Amino acid sequence: MNFTKILFFVFACLVFTVIAAPEPRWKFFKKIEKVGQNIRDGIIKAGPAVAVVGQAAAISGK
């Protein structure tokens, strides 16, 4: 119960800091967004390779 209150308080402080700051100096959320975009792009680029491997496995019968 106390852990939940502490976690909520920390989360509320974080949200207030992000909302109240006119322009935060740290770009934490931008870095997270960039990582997510890189993961997405990697999955998109790996799609055709995964399809070829799947077809090769189907042909070999394993």
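Helices here are DSSP runs of H or I, at least four residues, and strands are E runs of at least two, numbered from the N terminus.

Keep in mind that this is a predicted model, where local features need pLDDT of at least 70, side-chain atom pairs count only at pLDDT 80 or more, and totals for chains, interfaces and linings use all residues. Numbering runs from 1 along each chain as its sequence is written, and side-chain values use heavy atoms, with hydrogens and water left out.

Back to H2. What span should its 33 residues have? At 1.5 Å a residue, taken times one less than the number of residues, H2 should span 48 Å, and its end C-alpha atoms sit 47 Å apart, so that agrees.

Overall, the chain has 2 helices and 0 strands. Of its 62 residues, 0% are buried, where buried is under 20% relative accessible area, exposed is over 50%, and partly exposed is in between (1.4 Å probe, protein chains only).

There's 1 salt bridge, meaning a side-chain nitrogen of Lys or Arg within 4 Å of a carboxyl oxygen of Asp or Glu. The partners are Arg-40 and Asp-41, with their closest N and O atoms 3.0 Å apart. Arg-40 has 47% relative accessibility, so it counts as partly exposed; Asp-41, at 31%, is partly exposed too.

Last stop, Phe-29: buried or partly exposed? Phe-29 lies in helix H2, and its relative accessibility is 44%, so it counts as partly exposed.
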